[in-house]
Amino acid sequence: MPFSFEIFPPRNNDAQVALNETIRRLAETNPEFISVTYGASGSSRDASFDTLRYVHNHTDVTALAHLTTIGQNKQHLTGLINEWMDAGINDFLALRGDPPLGQFEADIDTSNLMPSAELVRLIAAQREARGGEGRIAVAAYPNGHPRSVSRERDIAMLVEKQDAGADFAITQLFFEADEYLGFVADAREAGLTIPVLPGLMPVSTAKQLRRIAELAGHEPPADLLRRLEQAGDTVAPEIGVEFVVSLARELLAGGAPSLHLYTFNRYESVIAVLQLLRLI
Ligand code: FAD
């Protein structure tokens, strides 16, 4: 059963040293790919590029680059895709992206914002022009995107991204197997055929859980939150690991093709999850 990881670029030198060790440990498990976020939490494009190159040059694992269209025009994106392809980065997660921290979406000029399906087409065109290596991923939202007008519209946009050339999708975090399984079943009925990788994260504090629940767009699971709160300020990785293992078992039994693990730049918990699932 394949699996993959997400990391984010380090914020300083100490974090860089720790991340290099994390990358080394993650690579030893032989994942399908390691993806690197882009522009999230204010990180720079150079920081993403450096991290991607580190994965590409120091491990045998495919480095998959998140890329966002927000605030960038087609010419700039074409240059960047080619620069990264020149460095051997051929796999992308094509995203629209979010406005910079503290800026409301309404403040951003969205009139000429490139939709993520167009970024998929742009990457596919560069790939073809250069000889056709690499895969293109897109994002999916089992609980709806915050801007979602309806589930039908969400699914239609996902099918549009598939039709533009996406090879697979990765989901936003969620907490119940039925949220993923129901979404995929509905999407299949609407014509989605590409694999949908469930995105999972073993949390270790109540604060972390509240934050990712906000991202996932719904309340954190009450039982998990209670157990993490009881642990107080202590980091309690085993609670989050146990939760994700049980969720992953249900997902795999329900037909999930793979697992995508959000690492929060730590290797211990995600490796524990894979060991308990006997995937490594
Ligand atoms: P789209 O696929 O274009 O749209 C997402 C949803 O928005 C649609 O399903 C729909 O509900 C709604 N929507 C969009 N346009 C319309 C419209 N015209 N009419 C009606 N509804 C519309 N962000 C970063 O900045 N950096 C990252 O590295 C990053 N990594 C991510 C990784 C994953 C796996 C996921 C799930 C998200 C990630 N994000 C990242 C967040 C993402 O950029 C935001 O969620 C962004 O708001 C949407 O991007 P998208 O490509 O999914 O958008």
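Modeller: The shell around the ligand is made up of nine nonpolar, eight polar and six charged residues. Here Ala, Val, Leu, Ile, Met, Phe, Trp, Tyr, Cys and Pro count as nonpolar, Asp, Glu, Lys and Arg as charged, and the others, Gly among them, as polar. This is a predicted model, in which local features need pLDDT of at least 70 and side-chain atom pairs count only at pLDDT 80 or more, while totals for chains, interfaces and linings use all residues. Residues are numbered from 1 along each chain as its sequence is written, and side-chain values use heavy atoms, with hydrogens and water left out.

Of the 23 residues around the ligand, Tyr38, Asp98, Tyr141, Asp154 and Lys161 come nearest. A residue is near if one of its heavy atoms lies within 4 Å of the molecule.

Next come the polar contacts, meaning pairs of N or O atoms within 3.5 Å; within protein, one must be able to donate a hydrogen and the other to accept it, and residues adjacent in sequence count only if both atoms are side-chain atoms. An N or O atom in the side chain of Asp154 is 2.3 Å from an oxygen atom of the ligand. For Tyr38, a backbone N or O atom lies 2.7 Å from a ligand nitrogen. The side chain of Arg153 has an N or O atom 3.3 Å from a nitrogen atom of the ligand. On its own the ligand has 980 Å² of accessible area, and the protein covers 87% of that; such areas come from the Shrake-Rupley method with a 1.4 Å probe.

Strand S3 (62-68), strand S4 (91-95) and helix H5 (151-164) each supply at least two residues of the shell. H5 gives the most, with four residues. Helices (H or I, at least four residues) and strands (E, at least two) are DSSP runs, numbered from the N terminus.

The 14 residues of H5 should span 20 Å at 1.5 Å a residue, and its end C-alpha atoms are 20 Å apart, which agrees. The expected span is 1.5 Å times one less than the number of residues.

Asp154 and Lys161 are among the buried residues of H5, where buried means under 20% relative accessible area (1.4 Å probe, protein chains only). The cover over the buried residues of H5 includes helix H4 (116-130), strand S5 (136-140), strand S6 (168-171) and helix H6 (177-189). Just after H5, Gly165 takes a positive phi of about 130°.

Technical notes
Buried means under 20% relative accessible area, exposed over 50%, partly exposed in between (1.4 Å probe, protein chains only). Contact means heavy atoms within 4.5 Å.
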